[in-house]
Amino acid sequence: MKKIVYQMTLHIALFARWSELDPKAALAAVPGFSGTPLSSMLRSLSTTAVAQGWMEADPRGLLEALTARNNELQKIDESLVPSIARLDPGLAEEFLKLYPAHTAPIRRLEYLLATDPDNFVENAKKLIAGIEQPEGAPMNVRMKAEQYASRVLSAMDPERALAEAAKHMNDEGISTALPKLNKKNPAESLAWLKQQRPEVQNR
């Protein structure tokens, strides 16, 4: 198992470096899918490595490739958005336009977190308030955005996250933030719980 992990790590590093030098050739060399879970994972990781290396060397070129709807690059890891935002916020705005309506709000929240973490909560509230459900979307887009923002706030400020979740009777928000606060300050989390209404305590 260790040997496989080592080989995959080396493989991914090779593709990332190759794509910095010649991204199109690196993408063309991504291994094919042979029908096994391992080959599928290797193909996905290799494609992401190519995109990451391409982004570091030529983000504008990567944007053009994505705009051309390259079938391979459409499967890239969506974590590219915050990475690009840190490198070039203006270019990240262009990348955001490539995402479908039902995933774009989450990607924009990632962008806000990467570019302005101090004002993330206020900016996220404004963004979420303006979300409209796209026709035919396979999920509740506003709810997904709220869940993402709640997780981020729980990591940044569990006390505030708990207050927001309790105010709106948000079960998932409470269950996410309370363990964070308990890890940070067990006494404070217990005190918070004791102060809550019975319906909150019993959830």
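The model is predicted, and local features need pLDDT of at least 70, side-chain atom pairs count only at pLDDT 80 or more, while totals for chains, interfaces and linings use all residues. Residues are numbered from 1 along each chain as its sequence is written, and side-chain values use heavy atoms, with hydrogens and water left out.

**The overall picture**

Let's start with the whole chain. It has 13 helices and zero strands. Helices here are DSSP runs of H or I with at least four residues, strands are runs of E with at least two, and both are numbered from the N terminus. Of the 203 residues, 37% count as buried. Buried means under 20% relative accessible area, exposed means over 50%, and partly exposed is in between (1.4 Å probe, protein chains only). The chain exposes about 11,900 Å², and carbon and sulfur atoms supply 55% of that area; accessible areas come from the Shrake-Rupley method with a 1.4 Å probe, and for residues only the protein chains shown count as cover.

How does the chain meet itself? Among contacts with a separation of 6 or more, 51% are between residues 24 or more positions apart. A contact means heavy atoms within 4.5 Å.

Now zoom in on helix α6, residues 89-96. Its buried residues are L91, A92, F95 and L96. They cover an arc of only 150° around the axis, so they sit on the same side of α6; the arc is that of the directions from the helix axis to the C-beta atoms. These buried residues pack against α4 (59-67), α5 (80-87) and α7 (104-115). At the start of α6, a side-chain oxygen of D88 comes to within 3.2 Å of the backbone nitrogen of G90.

Leaving aside neighbours within four places in sequence, F95 touches P59, L62, L63, L66 and I84. F95 is also one of the residues with the most contacts inside the largest nonpolar core, which has 37 residues. The elements giving two or more residues to this core include α2 (23-28), α3 (37-57) and α8 (120-129). A nonpolar core is a set of buried Ala, Val, Leu, Ile, Met, Phe, Trp, Tyr and Cys residues joined through side-chain atoms within 4.5 Å. In soluble globular proteins, nonpolar side chains tend to be buried together.

**Charged pairs**

How many salt bridges are there? The count comes to four. A salt bridge is a side-chain nitrogen of Lys or Arg within 4 Å of a carboxyl oxygen of Asp or Glu. Here are some of them:

| Pair | N to O distance |
|---|---|
| R17 and E20 | 2.8 Å |
| R60 and E94 | 3.0 Å |
| E110 and R107 | 2.9 Å |

R17 and E20 both lie in helix α1 (residues 2-21), three residues apart, about one turn of the helix. R17 is partly exposed at 46% relative accessible area, and E20 is partly exposed at 34%.

R60 in α4 and E94 in α6 link distant parts of the chain, 34 residues apart. R60 is partly exposed at 38%, as is E94 at 31%.

Are E110 and R107 buried or exposed? E110 counts as buried at 13% relative accessibility, and R107 counts as buried at 7%. Both are in helix α7, three residues apart, separated by about one helical turn.

**A serine in α9**

Finally, S154 is in helix α9 (residues 141-156). S154 is buried, with a relative accessible area of 1%, and its side chain reaches the backbone oxygen of S150 at 2.8 Å.

Note on methods:
A polar contact is a pair of N or O atoms within 3.5 Å; within protein, one must be able to donate a hydrogen and the other to accept it, and residues adjacent in sequence count only if both atoms are side-chain atoms.
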